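Welcome! We will go through some of its parts together.

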Amino acid sequence: MTKTPVVRGEWPPGIPYFRLGSGAPLVYLPGLSGSPHLPSGAGLWMQGRLLAPFARRRDVVWMHWSEGLVAPVTMAQIAAAPAAAIGPHLPAPLDVVGVSTGGSVALQLALDHPELVRRLVIVSAAHRLSDHGRQVQRDLAAAVHTGRTRRAGAIMGAEVAASAAGSALFGAAGWLMGRSTFAHAGAELLAVIEAEDDFDVGDRLGQVAAPTLVIGAERDRFYTPQLFRETAARIPDGRSIVYPGVGHLGTTLHRRYHRDVLAFLTGR
């Protein structure tokens, strides 16, 4: 964990959060999770490591946007919850970073609540999933629904890798960790997967008012480089970066990731 103290809490309408760092607020919407709870223990340590370069300059507000969801829901309904929490508690407009499924939520947030977003960073996400990405999430949902937690872990592990060898290794690790990773997975996860399966705002991208950076990976199995670039190109003030040679997981671990995000948020 970072040396920066972590503050935990919850805002109506039931949005758990933790904060770390100091400076201008930066809302961080994380990706899909097997747990409906805030991260703790090793999970919190990992999130702290990932967010530490941001927290040295910003007050990072990590929001658990999926807690309490029950299908059927739309991405617009999902994004409405963090919007309701941001309005009364944070000085808008502010910067928003969304990663993976959190990137879909962030994009919907910017479309439906433009007054809340100053600058937007979409990481490992686009205006829709690829066809392969949708099938992977359907397979994941089926495994969770039938209680096959090891199968769920294997699916997620294999698909975040960049290569066949990495897929085999991560898939095996995911299988071993599946029971703990997805022990509490249920209604929230299934609701989000269903909503993201239907998510496609390609025809609305021209309405995004905030300057937007889309960061993706060349070998992301949930999206394609074309989807990342197309999403940015159709946003009036959009730009994209595609990291070569890495997969879905490797995007936020790339050596340029924090530097690119912070440079964009400061207008450089």
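In this predicted model, the axes of helix α2 (residues 75-89) and helix α3 (residues 101-112) come within 8 Å and cross at roughly 75 degrees. That angle makes α2 roughly perpendicular to α3, since angles of 65 to 115 degrees count as roughly perpendicular.

**Where the two helices meet**
- From α2, the residues in the contact are Met-75, Ala-76, Ile-78, Ala-79, Pro-82, Ala-83 and Ile-86.
- Their counterparts in α3 are Ser-104, Val-105, Gln-108, Leu-109 and Asp-112.
- Sorted by kind, the residues of this contact of α2 with α3 are nine nonpolar, two polar and one charged.

**The sheet**
- Eight strands form an open sheet with mixed pairing, in the order β1-β2-β4-β3-β5-β6-β7-β8.
- The edge strands are β1 (7-11) and β8, each of which pairs on one side only.
- On average, neighbouring strands of the sheet are turned by 20 degrees against each other, direction ignored.
- A handy thing to remember is that strands of a sheet pair through backbone hydrogen bonds, either parallel or antiparallel.
- β1 and β2 (residues 15-21) pair in the antiparallel sense, over five bridges.
- Trp-11 has Ile-15 in β2 as its bridge partner.

**Helices packed on the sheet**
- Helix α1 (residues 41-55) packs on the sheet and touches β1, β2, β3 (25-29) and β4 (59-63).
- The direction of α1 makes about 55 degrees with that of β2.
- Helix α8 also packs on the sheet, touching β7 and β8, and its direction makes about 160 degrees with that of β8.

- Which residues of α8 (residues 225-233) are buried? They are Leu-227, Phe-228, Thr-231 and Ala-232.
- These four lie on the same side of α8, because they cover an arc of only 130 degrees around the axis.
- Gln-226 and Ala-233, on the other side of α8, are exposed.
- The cover over the buried residues of α8 includes β7 (212-217) and β8 (238-243).

- Look for Val-208 in the loop between α7 (187-198) and β7.
- Is Val-208 buried or exposed? With a relative accessible area of 3%, Val-208 is buried, because buried means under 20%.
- Leaving aside neighbours within four places in sequence, Val-208 is in contact with Leu-107, Leu-111, Ile-235 and Pro-236.
- Val-208 and Gly-245 are 37 residues apart in sequence and 29 Å apart in space, C-alpha to C-alpha.

Note on methods: Residues numbered from 1 in each chain as written. Predicted model: local features only at pLDDT ≥ 70, side-chain atom pairs only at ≥ 80, totals over all residues. Heavy atoms only, no water. Buried < 20%, exposed > 50% of the residue type's maximum accessible area, 1.4 Å probe, protein only. Arc of directions from axis to C-beta. Contact = heavy atoms within 4.5 Å. Pairing = 2+ DSSP bridges. Axes fitted to C-alpha atoms, helices over the stretch in contact; angles between N-to-C directions. Parallel < 35°, antiparallel > 145°, perpendicular 65-115°, else oblique. Nonpolar A, V, L, I, M, F, W, Y, C, P; charged D, E, K, R; others polar.
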